[in-house]
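Dear colleague,

Please find below the structure that I am handing over to you. My notes on it follow.

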Amino acid sequence: MPMAPASPTPGSNLKTLREEAADCRACPLWKNATQTVFGEGPQQASLMLVGEQPGEREDLAGRPFVGPAGQMLDRALEQVGIDRKKVYVTNAVKHFKFVRRGKIRLHQKPNTSEIRACRQWYERELGSVRPDLVVAMGATAAQSVFGTITPINKNRGRLIDLDDGTRVLVTVHPSYLLRLPDAVAKAREYQRFVDDLGIAADLIRKTASSRRPRSRPECPTRGVAMHNHSRRYSPQGFDISLHNL
Ligand code: URA
């Protein structure tokens, strides 16, 4: 079922949002997690990367993508010439969801109600940063960004414009690459991931010279129009603009 829109808070800066999110109780995940892991990166970032949820390392550090998946992401970003310090990196769900197995905390995939509860933060981050491009990494991120379950393979590697002016690129999650047991498949899939990020890098470079989205008027509904997109989604594809670079 498509998610309901959240209330917009256009103009809140990231520091304010981060402070508010620290006390978020919108779903039960806060109870077992160490802390809220909010997004990080420059207020003016032109690129926003969205992952699934913090893992063990991120939960302890309070920062997104600092563990093994983050290292793989950093490597791929470097390969396409993107400086991570200039990117806003966040997650669809901001608390670590896990089950205990002895001393180990095993990652668990967030469910739709947790994604929905946390989506207000993604929307507010989006409204605050107003990036030129959002990269949704994996199914959970895509579900949050599009507001509905969104197949990765069918939509990856091309630019998708949402009604509110958000431009999105879908790709796989770096953890998926880490889990692939076969070295050949791993190398191939890693290269595809790098290729997807290369599309993001090209777009960012182009918009940096033309400053397309930064010069457009602020969209008051930015980040809250997902219900419209959700309604327009069908298993056949999106009834929205699809761009191939
Ligand atoms: N996986 C994610 O989706 N996000 C992180 O921050 C770390 C691992």
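**Findings**

Of the 245 residues in the protein chain, 41% count as buried. The model is a predicted one. Ten helices and ten strands make up the secondary structure elements found in the protein chain. Where contacts link residues at least 6 apart in sequence, 78% of them join residues at least 24 apart.

**Gly-138 and its surroundings**

I would draw your attention to Gly-138, which is placed in the loop between strand 5 (133–137) and helix 5 (139–146). Gly-138 has 21 other C-beta atoms within 10 Å, and because the threshold for a buried residue is 20 or more, it counts as buried. Leaving aside residues up to four places away in sequence, Gly-138 touches Gly-51, Glu-52, Ile-152, Val-172, His-173 and Tyr-176. For one of these, His-173, the C-alpha atom is separated from that of Gly-138 by 4.3 Å, although the two residues are 35 apart along the chain.

**Helix 5**

Eight of the eight residues of helix 5 are buried, so the helix is largely enclosed by the rest of the structure. Among them are Ala-139, Gln-143 and Phe-146. After helix 5 comes Gly-147, with a positive phi near 80°.

**The ligand**

Around the ligand there are 13 residues, of which Gly-51, Glu-52, Gly-55, Pro-64 and Ala-69 come nearest. The shell around the ligand comprises four nonpolar, seven polar and two charged residues.

With kind regards

Conventions
Residues are numbered from 1 along each chain as its sequence is written. This is a predicted model: local features need pLDDT of at least 70, side-chain atom pairs count only at pLDDT 80 or more; totals for chains, interfaces and linings use all residues. Helices (H or I, at least four residues) and strands (E, at least two) are DSSP runs, numbered from the N terminus. A residue is buried if 20 or more other C-beta atoms lie within 10 Å of its own, exposed if 12 or fewer, and partly exposed in between; C-beta atoms are placed from the backbone. Two residues are in contact if their C-beta atoms, placed from the backbone, lie within 7 Å. A residue is near a molecule or strand if its C-beta atom, placed from the backbone, lies within 6 Å of it. Ala, Val, Leu, Ile, Met, Phe, Trp, Tyr, Cys and Pro count as nonpolar, Asp, Glu, Lys and Arg as charged, and the others, Gly among them, as polar.
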